[in-house]
Amino acid sequence: MRVGEVLPQLEIEVTRTLIVAGAISSRDYQDVHHDAELARAKGSPDIFMNILTTNGLVGRYVTDHFGPAAVLRRVAIRLGAPNYPGESMVLTGTVEEVDGDTATVRITGANGIGKHVTGTVTVTVPSAAPASALGGPASSALGTSSLPAAAVTNAEGGTS
């Protein structure tokens, strides 16, 4: 990790299924996230992604880059242009600060309308991950790692 390091772009196809599944999995049952007719009645051209789904995608983006031992310490994001079905969101990031094994990454997620999400993510990346965190011999009998729950969730694209 070094200041100025640029993370590779991640393009995410924003599908109706992604929007609805993200809303349901985060228990956000507002109709604007699953019912196009009601969303239109409220002034939106279609359903749109909720902030918790965006938060999970941002976490996934960072942990995909830094690896399974990465632990998200802070996610501070702000939404802008909505993510509608049929759009594509491109996440980009740049390391702004490094303090030992902790980095602050500036994140932007843009779609065809504009910037959907902006913010920062603080992530800790242990310099030497224990064998259990990498799925080695110290893993439990079930084959799961001993990573903190938030790190495991984010490595698989969930919310932080």
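Me: How many salt bridges does a search of the whole structure find?

Reply: Four. A salt bridge here is a side-chain nitrogen of Lys or Arg within 4 Å of a carboxyl oxygen of Asp or Glu. Keep in mind that this is a predicted model: local features need pLDDT of at least 70, side-chain atom pairs count only at pLDDT 80 or more, and totals for chains, interfaces and linings use all residues. Residues are numbered from 1 along each chain as its sequence is written, and side-chain values use heavy atoms, with hydrogens and water left out.

Me: What does Asp46 pair with?

Reply: Arg16, with the closest N and O atoms 2.8 Å apart. That pair links distant parts of the chain, 30 residues apart: Asp46 is in the loop between H2 and H3, Arg16 in helix H1. Helices (H or I, at least four residues) and strands (E, at least two) are DSSP runs, numbered from the N terminus.

Me: Is Asp46 buried or exposed?

Reply: Asp46 counts as buried, at 14% relative accessibility. Arg16 is partly exposed, at 42%. The cut-offs: buried is under 20% relative accessible area, exposed is over 50%, partly exposed is in between (1.4 Å probe, protein chains only).

Me: And which residue does Glu96 meet in a salt bridge?

Reply: Arg106, at 3.1 Å, N to O. Glu96 sits in strand E3 and Arg106 in strand E4, ten residues apart. Glu96 is partly exposed at 37%, and Arg106 is partly exposed at 37% too.

Me: What about Asp64 and Arg60, how far apart in helix H3?

Reply: Four residues, so about one helical turn separates them. Their side chains meet in a salt bridge at 3.2 Å, N to O.

Me: Switching topic. What's the order of elements from the N terminus?

Reply: β-α-α-α-β-β-β-β-α. That is four helices and five strands. Of the 160 residues, 44% are buried.

Me: Which residues of helix H1 are buried?

Reply: Ile19, Gly22 and Ala23, in a helix running over residues 16-25. They cover an arc of only 95 degrees around the axis, so they lie on the same side of H1. The arc is that of the directions from the helix axis to the C-beta atoms.

Me: What's on the face turned away?

Reply: Thr17 and Ser25, both exposed. On the buried side, the cover includes helix H3 (51-66).

Me: Now the core. Which members of the largest nonpolar core touch the most others?

Reply: Val62, Phe66, Leu91, Ile107 and Val123, out of 28 residues. H3 gives the largest share, five residues. A nonpolar core means buried Ala, Val, Leu, Ile, Met, Phe, Trp, Tyr and Cys residues joined through side-chain atoms within 4.5 Å.

Me: What is Val123 in contact with, leaving aside neighbours within four places in sequence?

Reply: Its contacts include Val62, Phe66, Leu72 and Val105. Contact means heavy atoms within 4.5 Å.

Me: And Thr122, buried or exposed?

Reply: Buried, with a relative accessible area of 16%. Thr122 lies in strand E5. Not counting residues up to four places away in sequence, Thr122 touches Val71, Thr102 and Thr104, among others.

Me: Last one. Where is Val3?

Reply: In the segment before strand E1 (6-13). Val3 counts as exposed, at 56% relative accessibility.
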